[in-house]
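Subject: Structure handover

Hello,

Here is the structure for you to open. My notes on what turned up in it follow below.

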Amino acid sequence: MVFSSVTFLFYFLPAFLLCYFATPGVRAKNLVLLAFSLVFYAWGGLANVAVLAVSIVGNYLFALFIDKRSERWRLRALGLAVAANLGGLIAFKYAGFLAENLNVLLDPLGVALPVVHPALPLGISFFTFHAISYLVDVYRRKAAANGRFEEIAVYITMFPQLVAGPIVRYSTIERRIHTRRTTLGRVSAGLRIFIIGLSWKVLIADEVAPVVAAVFDNTPHPNLGEAWLGLTAYALQIYFDFGGYSNMAIGLAIAMGLKFPRNFNLPYGARSISDFWRRWHMSLSNWFRDYVYIPLGGNRAGHAHTAVNLWTVFLLCGLWHGASWTFVIWGIHHGTFLVLERTRFGAALKAAPRLLSHAYVLLVVLSGWVWFRANSLPDAMELFEGLIGLNGAGPLAAHLQVTLKTVTMVIMVLAWPLAMFGLPRPGARALSPRLRLALFGTVDTLVVWALFALCVLSVGAATYSPFLYFRF
């Protein structure tokens with residue numbers, strides 16, 4: 001089930017909100033949230049629920065054990081618990097990839113391992129990282145192990161963030177799980193953010209998606225125009241798709257009296273790759289910083305050690321996104337530029353004109369998206385050849401012209417300034433603050449309702465369009 005579907009918008013969400021707000025008491029509300037979250041997750045297959053249940057029970061027990069033991073045993077228990085979580089993730093997500101690459105090494109010996117690609121449970125990368133953050137926070141005494149099983153189950157399974165984030169630290173949400181307050185103002189603000197996120201997904205990301213698919217999946221040798229059109233469309237698609245989902249999750253959390261961390265902050269407007277990663281998928285980059293980069297030593301042991309740590313983190317970040325060499329290269333690509341920015345190049349970049357630094361970031365990020373979206377290494381190289389004109393510069397292919405409608409071109413033109421700089425601040429400073437606030441509130445309400453109406457019309461007429469990050 002996806003947020004931008006008829007089933008969710010017109011059946012699941014109204015039923016959930018009705019039951020949630022009609023139920024008195026936080027503990028009872030948690031049970032309602034848990035029940036609906038399990039239904040939401042089971043929509044993708046009952047086998048997924050079994051994997052999720054094992055994760056919840058195992059991490060609940062591990063945390064209790066870690067919390068009550070002496071220092072000697074706590075670290076060992078944490079290591080075992082983290083290994084168990086990562087073992088499950090590796091078994092489901094990376095077993096086939098590892099076997100394929102080991103077979104290349106074992107081929108001269110005449111040995112071949114069986115290659116198995118298990119069905120990937122939805123959101124396993126996300127709920128595994130949620131669980132690890134809970135265990136580490138308990139070990140570090142940032143949070144106490146929670147003896148209420150249903151509260152840990154709610155933390156891991158909350159349907160707004162279960163399958164595609166943002167990654168929520170247990171220590172940042174612990175208090176609100178068992179003590180929270182909902183008001184009409186919060187519900188209104190939350191649903192407003194939800195509708196904005198829905199419009200990002202439905203009206204922008206889904207509109208450019210056919211162009212992306214036509215170039216990356218159906219154009220073997222893209223020419224100059226086709227390659228750049230597909231790449232810029234994909235940059236918009238992944239931002240407004242994932243950013244839209246994050247906004248929807250954040251909005252639903254606010255409506256329920258919870259608080260999720262912001263996940264995006266105009267990343268394409270960054271002036272360095274370091275700045276980009278402070279704005280893009282912020283909950284993931286912060287997770288890797290606090291649970292991997294800093295424990296490895298961070299930047300405390302000289303430039304060479306810092307470079308190794310950055311490459312390690314972004315190699316793992318690439319693998320987290322997918323079991324493919326294209327994701328590995330994407331991670332190393334970003335890690336390399338982060339290392340480069342810690343040299344004199346970084347100082348020169350800070351002194352460079354704003355236009356030049358923006359161009360640098362877009363060039364690095366866009367070239368990285370080639371690896372991220374390409375179906376294989378040869379496909380990525382074909383697109384790079386197109387980007388530099390090695391495949392010619394003729395007209396767009398007929399199948400691509402069909403997908404490139406007028407409304408699609410208009411949306412692409414308008415979406416890029418929105419992705420880089422956001423909406424302009426309201427003017428009318430000649431008006432009194434009270435009148436200006438009332439006018440802005442009225443216009444904002446009308447725009448949000450208009451966006452929702454357009455989304456409803458689009459969702460009703462569209463086919464199934466899953467969020468891109470569901471695959472991770």
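**Aromatic pairs**

Trp320 counts as buried, at 2% relative accessibility. Buried means under 20% relative accessible area, exposed means over 50%, and partly exposed is in between (1.4 Å probe, protein chains only).

Before the rest, the ground rules. This is a predicted model, so local features need pLDDT of at least 70, side-chain atom pairs count only at pLDDT 80 or more, and totals for chains, interfaces and linings use all residues. Residues are numbered from 1 along each chain as its sequence is written, and side-chain values use heavy atoms, with hydrogens and water left out.

The structure holds 53 aromatic pairs. Rings of Phe, Tyr and Trp (its six-membered ring) pair if their centres lie within 6.5 Å; planes under 30 degrees apart are stacked, over 60 edge-to-face, and the rest tilted. Phe129 and Trp320 make a tilted pair, 5.8 Å centre to centre with 40° between the planes. This pair links distant parts of the chain: Phe129 is in helix 6 (residues 124–139) and Trp320 in helix 13 (residues 303–321), 191 residues apart. Helices here are DSSP runs (H or I, at least four residues), numbered from the N terminus. Phe129 is buried too, at 5% relative accessibility.

Trp371 and Phe384 form a tilted pair as well, 5.2 Å centre to centre and 55° between the planes. Trp371 lies in helix 16 (residues 354–373) and Phe384 in helix 17 (residues 377–387), so the pair ties together parts 13 residues apart in sequence. Trp371 is buried, at 13% relative accessibility.

**Salt bridges**

A search of the whole structure finds 12 salt bridges. The test is a side-chain nitrogen of Lys or Arg within 4 Å of a carboxyl oxygen of Asp or Glu.

- Arg373 pairs with Asp217, closest N and O atoms 3.0 Å apart. The bridge links distant parts of the chain: Arg373 in helix 16 and Asp217 in helix 9 (residues 184–218), 156 residues apart. Arg373 is buried at 14%, whereas Asp217 is partly exposed at 39%.
- Glu151 pairs with Arg148, closest N and O atoms 3.3 Å apart. Glu151 is buried at 3%; Arg148 is partly exposed at 37%.
- Arg289 pairs with Asp290, closest N and O atoms 2.8 Å apart. Salt bridges that share partners join Arg169, Arg289 and Asp290 into one network.

**Helix 10**

Helix 10 is mostly covered, with 29 of its 33 residues buried. Just after helix 10, Gly257 takes a positive phi of about 90°.

**Nonpolar patch**

Leu86, Ile90, Leu98, Leu102, Leu105 and Leu113 form a nonpolar surface patch, with about 510 Å² of accessible area together. Patch residues have over 30% relative accessible area and no salt bridge; nonpolar side chains (Val, Leu, Ile, Met, Phe, Trp, Tyr) are joined within 5 Å, like charges within 9 Å. Areas come from the Shrake-Rupley method with a 1.4 Å probe, and for residues only the protein chains shown count as cover. Helix 5 (95–106) and helix 4 (71–93) each supply at least two of the residues. Helix 5 gives the most, with three. Leu102 is in helix 5 and is partly exposed, at 39%.

Best wishes
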